[in-house]
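Subject: The model we talked about

Hi there,

Here is the structure I promised to pass on. Have a look at it first, and my notes follow below.

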Amino acid sequence: PLSSLGEVKDEVIELKKHHQALITDLSDESTIVDLSLQSKLDHKVEVPKGLKTELRDYQEEGLIWLAYLHSISCGGILADDMGLGKTVQVIAFLGYLKERNKQSSTHLVLAPTSLIYNWQSELDKFYPDLKYYIHLGSLREREISKIYTDYDIILTSYGTFRSDIDHFEKCEFDVLLTDESQSYKNRNSLLHKSLKRCKSK
């Protein structure tokens, strides 16, 4: 069955990174599998020193999961139940990247307008060393490409992002995070098409 997912070359099936979970499920004593990606998942991820709270065990697992996805340049979903602290896990992840990377990078966080100030409050509380810019309102700097590298995080609403996509697509973000991502599930919507134009690792 794997041959239909990958590209067959001689006696080797080349798969994509996102097939890792399938490979892990199939591997047993009778199967030879290159688990180099699995070793990245098992790699110890240090909780960032600048984080102003202690993570619960499952939140640390979320941090490890996000760091793993970043290390293999894949997207993914953090889908804990409501109220279990997904935002603090993401903030811990962005803090981890800031402390680990020698060179600065900018991340983009998109959320419904009603949640933007919740993000601001959580950032101030849990990781005040992350420098952020809230891109909202009539006085916002529309030429976001001129200033975005001055910040660790750009926070904006889905509506503002959609309106300013001509400026956002000139930027290259490290991580693109979408809160309440059901907001763009309609593939024919302008928001979905705008997201496809946005560059991130």
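What percentage of the 201 residues of the chain count as buried? The answer is 38%, where buried means under 20% relative accessible area, exposed means over 50%, and partly exposed is in between (1.4 Å probe, protein chains only).

Before the details, a word on how to read them. This is a predicted model, in which local features need pLDDT of at least 70 and side-chain atom pairs count only at pLDDT 80 or more, while totals for chains, interfaces and linings use all residues. Residues are numbered from 1 along each chain as its sequence is written, and side-chain values use heavy atoms, with hydrogens and water left out.

The overall picture

The chain has 8 helices and 8 strands; these are DSSP runs numbered from the N terminus, with helices being H or I of at least four residues and strands E of at least two. Taking the contacts (heavy atoms within 4.5 Å) with a separation of 6 or more, 61% are between residues 24 or more positions apart.

The sheet

An open sheet is formed by 4 strands in the order β4-β5-β3-β7, and the pairing is parallel. Two strands pair if DSSP finds at least two bridges between them. At the edges sit β4 (132-135) and β7 (176-178), each pairing on one side only. From one strand to the next, the twist averages 20°; angles run from 0 to 180 degrees between N-to-C directions, and axes are lines fitted to C-alpha atoms, for helices over the stretch in contact.

β5 (residues 153-157) is joined to β3 (residues 107-111) by 5 bridges. Histidine 107 stands opposite isoleucine 153, and leucine 108 has isoleucine 154 as its bridge partner in β5. Another 4 bridges join β4 to β5, where tyrosine 132 is partnered with isoleucine 153.

Is β5 mostly covered or open? It is mostly covered, with 5 of its 5 residues buried. Ile153, Leu155 and Ser157 are buried on one side, and Ile154 and Thr156 on the other.

On the α4 side, the contact is made by Thr87, Val88, Val90 and Ile91, and on the α5 side by Trp119, Glu122, Leu123 and Phe126.

A loop residue

Glutamate 46 lies in the loop between α2 (36-42) and α3 (57-71). Glutamate 46 counts as exposed because its relative accessibility is 53%. Leaving aside residues up to four places away in sequence, glutamate 46 touches Leu63 and Tyr96. Glutamate 46 and leucine 63 are 17 residues apart in sequence, and their C-alpha atoms are 9.2 Å apart in space.

Best wishes
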